[in-house]
Each structure stands twice: as structure tokens, then as C-alpha cells.
Amino acid sequence: MTDLDMSPGDELLELAEKQAALGEVRGGPAADPVNIPMIRHWLDAMGDANRSYLDKGVSPPAMAQVWTMPGVRRGVKDRSPVDDVLAALDAAGYTGVVATNCEQTYHRPARVGERLSAATRFSGLIGPKRTALGEGYFATWNVTWYGEGDAPVAEMMFRVLKFRPRRKSGTPAASTAPYPLRPAQNRDTAFFWEGVRQGELRIQSCADCGRLRHPPGPVCPSCRSTSRSYVVARGEGTVFSYVVHHHPPVPGRETPFVVAVVELPEGVRIVGNVVDCPPDAVGIGMELRATYRAMDDEVILPMWAPRES
Ligand code: ZN
């Protein structure tokens with residue numbers, strides 16, 4: 001028997017059909033009922049100053065998923081029909097993942113004291129498709145949150161692309177492949193990327209009140225002016241916060257890599273990779289200088305290196 005006798009694709013689609021046939025699978029009750037401390041933390045984290053949720057004792061609608069999110073030590077009873085499909089895709093080599101769609105529908109506010117549960121329905125697997133990230137499958141599922149009674153609180157459609165990361169190799173075809181994660185460039189950000197091409201780190205400024213802001217945007221958050229200019233930053237900064245990314249694989253990048261929030265002496269913060277040093281050498285307060293890296297023939301990304309190097 002050879003590999004040609006079995007099609008892994010057929011097996012994946014067969015499993016997906018089986019999971020879809022399970023219909024809506026109800027998960028266990030949330031670890032905690034809807035509660036004021038969690039709502040307060042969430043509002044703070046989101047920068048939402050609307051205190052009416054606290055006054056009325058209802059959950060902000062966008063918090064629906066928060067209440068039933070399993071912890072890192074999720075139990076067997078927390079498994080949903082989606083997990084088996086995602087595990088099978090991993091096993092077949094489609095280890096990359098990127099979320100492509102999320103639509104939420106809010107039916108009614110969840111009240112403090114209510115213990116929500118999530119019901120998950122696997123709705124379909126489409127593929128294999130050729131995408132910019134590599135060959136992959138689109139997996140879609142729907143989650144409905146219930147509280148007390150049969151009326152749902154909220155619903156969500158979620159779709160991910162599970163893709164086979166392109167193998168790194170020394171072949172010329174791979175080395176000249178375009179960098180897959182191209183930065184979004186538009187009228188708000190064109191000046192920034194033009195600066196990067198010239199080896200300059202440009203920070204947007206308000207042409208009326210002079211306040212600096214980053215990331216770039218159309219309106220000054222201070223005086224609401226739409227007149228814009230920019231200054232050229234010194235190209236120095238310090239690590240304000242950072243994470244080391246180990247998993248999942250990111251197309252065009254080798255893991256692990258460091259993503260940092262860099263504080264500039266000009267008074268804004270900017271997100272970027274820290275390069276030219278091992279991830280475990282990075283720490284909060286580390287002094288950095290900007291460096292510009294060509295990712296392919298067109299894309300140059302600003303990154304950060306230790307200032308001494
Ligand atoms: Zn302004």
C-alpha cells in the first residue's frame with residue numbers, strides 16, 4: 001500500500017462532515033457567573049468609560065466569549081466538535097492558522113449572576129485551497145451563548161484558514177518569494193512607509209496643535225484637526241513591553257521572534273520586532289535603535305536592534 005491509496009484530504013472532509021452532523025454541542029457552564037469585577041477589568045482594558053454596564057449590572061455584549069473562555073488547563077468536557085477537526089488538520093501538516101472572519105450577533109444583555117454556557121456547531125470545511133499563505137482549508141464554526149432560559153444571549157460565526165506553512169529552503173525560488181505579510185498602506189500611512197524606504201522613522205504630527213501620534217490616523221485625538229504633518233524620530237527607543245512568539249508558525253518568519261512595544265523619546269510607542277539578539281536577552285527597558293530590513297524586493301520593515309550592537 002502506498003500513500004497514493006489514501007487521500008488525506010478525503011479523510012479531513014469526512015471527519016468534518018461527521019463533526020457537522022453532531023449539530024450544536026452544548027459546553028459546560030462557565031467557571032464563573034457574569035460578575036462586576038470581570039466587567040470592570042474588561043472595561044478598563046478596552047478603555048471603555050461607559051459605566052452604565054456596572055450601574056445596570058449587565059455584561060457588555062462584546063464580552064460574551066469572555067465568560068466561557070476555557071483556561072489553559074481545559075478539561076475533556078470543554079472539547080467542542082471543532083477541536084477534532086483542527087487537530088486532524090495539524091496532523092496532516094496544516095499547522096499554520098490565521099483567523100479570517102468573525103461575525104458576532106447580540107440578542108440580549110447577560111445579567112450579573114447569570115452563568116452562561118456556549119454551544120458550538122461545526123459548520124463546514126472547505127479546501128484544499130491555494131492561498132497567499134500556502135495551501136490550506138477554511139474551517140467555519142458557530143458558537144451560541146445561552147444564559148438562563150432558552151433565548152440565546154449572543155452568537156458568533158468564526159472562520160480560520162489552516163494552512164501548510166511554506167517550507168524554508170535554499171532554492172532560488174524560495175529566496176525570491178514575496179514576503180507574505182505585506183503591511184497595509186493607505187492615505188493615512190503612506191508617509192510612514194515612504195520614510196521607511198528612505199531609512200527614516202516618521203511619526204505623524206498634528207499640523208494644528210503639534211501633538212504626535214502613532215499609529216497614524218486621520219484625526220488628531222487632542223484637537224480633532226484633520227491637518228497632518230510628521231516629524232522624523234531619532235530612531236532610538238526602549239522596550240516598554242514585549243512577547244516572544246513561539247507558536248503558531250508565521251509565514252515568512254522563523255520562530256521564535258520578539259514583538260515589542262517600543263517607547264520613543266519623542267513620546268509615542270510603536271510595535272516592532274527586536275532583532276540581532278537572542279529572545280531571552282530582551283528585557284523591559286532595553287535600549288534600542290531602529291534598523292531597516294528588506295523582507296523581499298519591495299517590502300522593507302522597520303525593526304529594532306540593541307543600541308550597542
Ligand atoms: Zn491637534
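Buried means under 20% relative accessible area, exposed over 50%, and partly exposed in between, with a 1.4 Å probe and protein chains only. The model is predicted, so local features need pLDDT of at least 70 and side-chain atom pairs count only at pLDDT 80 or more, while totals for chains, interfaces and linings use all residues. Residues are numbered from 1 along each chain as its sequence is written, and side-chain values use heavy atoms, with hydrogens and water left out.

**View A. Salt bridge between Glu-200 and Arg-202.** A salt bridge is a side-chain nitrogen of Lys or Arg within 4 Å of a carboxyl oxygen of Asp or Glu. The closest N and O atoms of Glu-200 and Arg-202 are 2.9 Å apart. Arg-202 counts as buried because its relative accessibility is 7%. Glu-200, at 24%, counts as partly exposed.

View B. Helices (H or I, at least four residues) and strands (E, at least two) are DSSP runs, numbered from the N terminus. Cys-220 is buried, with a relative accessible area of 1%, whereas Cys-209 is partly exposed at 41%.

View C. For four tetrahedral donors the ideal angle is 109.5 degrees.

**View D. Buried residues of helix H5.** In helix H5 (residues 81–91), the buried residues are Pro-81, Val-82, Asp-83, Val-85 and Leu-89. They pack against helix H1 (8–21) and against strands S1 (25–29), S3 (117–131), S4 (134–146) and S5 (152–163). Contact means heavy atoms within 4.5 Å. Gly-93 follows H5 and has a positive phi, near 100°.

**View E. Salt bridge between Asp-90 and Lys-162.** The two side chains meet at 2.6 Å, N to O. Asp-90 belongs to helix H5 and Lys-162 to strand S5, so the pair ties together parts that are 72 residues apart in sequence. Asp-90 is partly exposed, with a relative accessible area of 36%, while Lys-162 is buried at 5%.

**View F. Salt bridge between Arg-182 and Asp-296.** The closest N and O atoms of this pair are 2.9 Å apart. Arg-182 lies in the loop between helix H6 (172–175) and helix H7 (190–197), and Asp-296 in the loop between strand S12 (287–294) and strand S13 (300–306); the pair links distant parts of the chain, 114 residues apart. Arg-182 is partly exposed at 38% relative accessible area, and Asp-296 is buried at 15%.

**View G. A network of salt bridges.** Arg-234, Glu-236, Glu-287 and Arg-307 are linked in this network. The count of salt bridges comes to 13.
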